Amino acid sequence: MRNRVIQLSIALLLLAHLPLSTLARPFVLVLSQDDLSESAAALNRDDESSTDFDDFSDSDSSLDSGSWSPLFEHDPNFKIPNLNELNSYYKGVGKIMEAASTGEFGIMEEASAEIEAASSAGQPHSQSVLGFMYGMGMGKERSQVKAFLHHSFAAQGGNTQSKMALAYTYFRQEMYEEAVKLYAELAKVAMSSFLISKDSPVIDPIRIHNGVEENKEALRMSRGEEDEDFQILEYQAQKGNAGAMYKMGLFYYFGLRGVRCDHAKTLWWLSKAVEKGEPRSMELLGEMYARGAGVEKNYTKALEWLTLASRQQLYSSYNGMGYLYAKGYGVEKKNYTKAKEYFEKAAKNDKPGGLYNLGVMYLKGLGVKRDLEIATKNFALAANSGQPKAIYQLAKMFHTGMGLKKNLPMATSLYKLVAERGPWSSLSRWALESYMKGDIGKSLLLYSRMSEIGYEVAQSNAAWILEKYGERSMCIGESGPCTDAERHQRAHALWWKASEQGNEHAALLLGDAYYYGRGTERDYDRAAEAYMRAKSQSNAQAMFNLGYMHEHGKGLPFDLHLAKRYYDQALEVDPAAELPVSLALASLWIRRNYANSFLVDMIDTLPEFYPKVEVWVESVIMEEGNATILTLFVCLLTVLYLRGRQRRQHAAAGDVALPQQPIGQAAPLVH
């Protein structure tokens, strides 16, 4: 970093974070010389964590405090701590689930009484649920102040989901000093469940819709053991295909594609696969013994399995072996020289875990001379492949100013990304399972809980369920089933949160809602703000709508040049927009060449006249946005007529001059 710029692209798959769209476009961070802190000063600072290899737990024992897992997982090995103390809490949550499934408000009242009693006695997990109820307006009057207070008490008592809710609240308000502390703590907890040798599969929440309709393909791939592809895989495994056996074990270990986590089945399938010499199964068995997942923890056996895998040139297993040597597990003593050798073998073969672990060694000066430049480079390269621990380390460097200049907004965003992969993300799986079983009310409740703690996909899913299913969503309001107004208000709030996190579909819906006054007061200024958010994601429809607002001076200054610019941008981004953009440009041509004429007045009054011919329109044009197309079509016919007349006049006068090219535009399309 001496007199040279290091540009490191970190493709971070931000599902619910930093500007990303419904399609989760990658976010690219470019680090330059200006981002780097003074290396000499940083190197002279003591790092309290440098005495050990990393900061993370070596087991899955860091549970989601107050988790709803006992109500969903049915794991006979799961022990509820302080069962007597938590009995009323789980009983109350169970009744809330029942009320959500049945829509019976009487059951919700019973649940509310039990949760409130436990909360008054100082039970933090009940305080967390009460905060959720106040935040949603579910069986309680909607109050963000009371929600914040209850979550604060719950977080002080150790409830992790309330910590997530508070962190997200601070993040939305750009209170980064407070948000970064909570997200740093939560991200560290999330790291404890990640693998030591290779990267854990990214299990993102499933988006159950594609904007308008149900996302049938994503749902089909989440049917678990009922999925046809899974059944084919199982058949292949039963016939002796070693690769299929490994995949079966992998699915059961991580709970992929809707399959329930089952360590016993994982162990069975992996054991069958290793009999056939399948190296990835050896590696995963090593992981299981290192973590004590489904087997008794045994580092010696872990090292044996990882070593067997490495002998078959499975380079990611070298990373696990290096980790055990760095920690001194399963070997006589710590050996950083050996660890570095194995990490380098993994890194040279493009294994992100190897790059990350080498970064840790240089960051802390373990077996090597401390070098923050090399550490930063390795973390960035690993993060470029989505390695979550590397993202965590970069967040920590932005947070502390060690190696990188202090940048709390960036640190908070990166910590949030990692924290959302913590054990509380199980809410997404339970919500999806409920949805696929037809229990829409329970699915809505779970997605709503997830929305509160900051997951963009859950915010989008919950809002879509409210709008798609209406009364059948089993939405529970303050004093009974949700009224239409309560449903609209709740969906609107969820779409707004999703749009803040870069969901362009949500931003478009909000823009349309404010523009047309659907479910809210008509507000052109807020419509423009929402469309701007969608436009920032290179959304063609948002660009078109902004052009229309400039053309008509609604919510944005009247400016035909800016209107044309937005229309042109819409066409550049999406060639399919050629027809509406052409019509819009025709409208602009009329405004420029026939300003203050009856033609402009006619164009402007068409959307108002449109509802008066509703009887005819209902059988032809079904949505408000089509009034725009009707207006523009008339514009096009008018332009063609005027140009024809202009040519005839020139021809008659013997002056055949070419007509001016249109600069024009149209009206916002409804998404």
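A residue is called buried when its relative accessible area is under 20%, exposed when over 50%, and partly exposed in between (1.4 Å probe, protein chains only). The structure is a predicted model, in which local features need pLDDT of at least 70 and side-chain atom pairs count only at pLDDT 80 or more, while totals for chains, interfaces and linings use all residues. Residues are numbered from 1 along each chain as its sequence is written, and side-chain values use heavy atoms, with hydrogens and water left out.

With a relative accessible area of 26%, Thr169 is partly exposed. This residue belongs to helix H6 (residues 160-172); helices (H or I, at least four residues) are DSSP runs, numbered from the N terminus. The side chain of Thr169 reaches the backbone oxygen of Ala165 at 2.9 Å. Between the C-alpha atoms of Thr169 and Ala179, ten residues apart along the chain, the separation is 8.0 Å.

Cysteines come next. A disulfide is a pair of cysteine sulfur atoms within 2.5 Å, and by this rule the count comes to one. The bond joins Cys475 to Cys482, with an S to S distance of 1.9 Å. The torsion about this S-S bond is about -50°, so the disulfide is left-handed. Cys475 counts as buried at 6% relative accessibility, and Cys482 counts as buried at 9%. Cys261, at 38%, counts as partly exposed.

What about charged side chains? Side chains of opposite charge can pair when their charged atoms come close. A salt bridge is a side-chain nitrogen of Lys or Arg within 4 Å of a carboxyl oxygen of Asp or Glu, and the count comes to 22 salt bridges. One of them pairs Glu114 with Lys95, the closest N and O atoms being 2.8 Å apart. Glu114 sits in helix H3 (residues 105-120) and Lys95 in helix H2 (residues 83-102), 19 residues apart. Both Glu114 and Lys95 are buried.

Another salt bridge brings together the side chains of Glu456 and Arg207 (3.0 Å, N to O). Glu456 lies in helix H22 (residues 456-469) and Arg207 in the loop between helix H7 (176-191) and helix H8 (216-220), so this pair ties together parts that are 249 residues apart in sequence. Both Glu456 and Arg207 are buried.

Within helix H23 (residues 484-500), Arg487 and Asp484 are three residues apart and thus separated by about one helical turn. Their side chains meet in a salt bridge (2.3 Å, N to O). Arg487 is buried, at 10%, whereas Asp484 is partly exposed, at 48%.

Note on methods:
Helix = DSSP H or I, 4+ residues; strand = E, 2+ residues; numbered from the N terminus. Polar contact = N/O pair within 3.5 Å; in protein donor to acceptor, adjacent residues only side chain to side chain.
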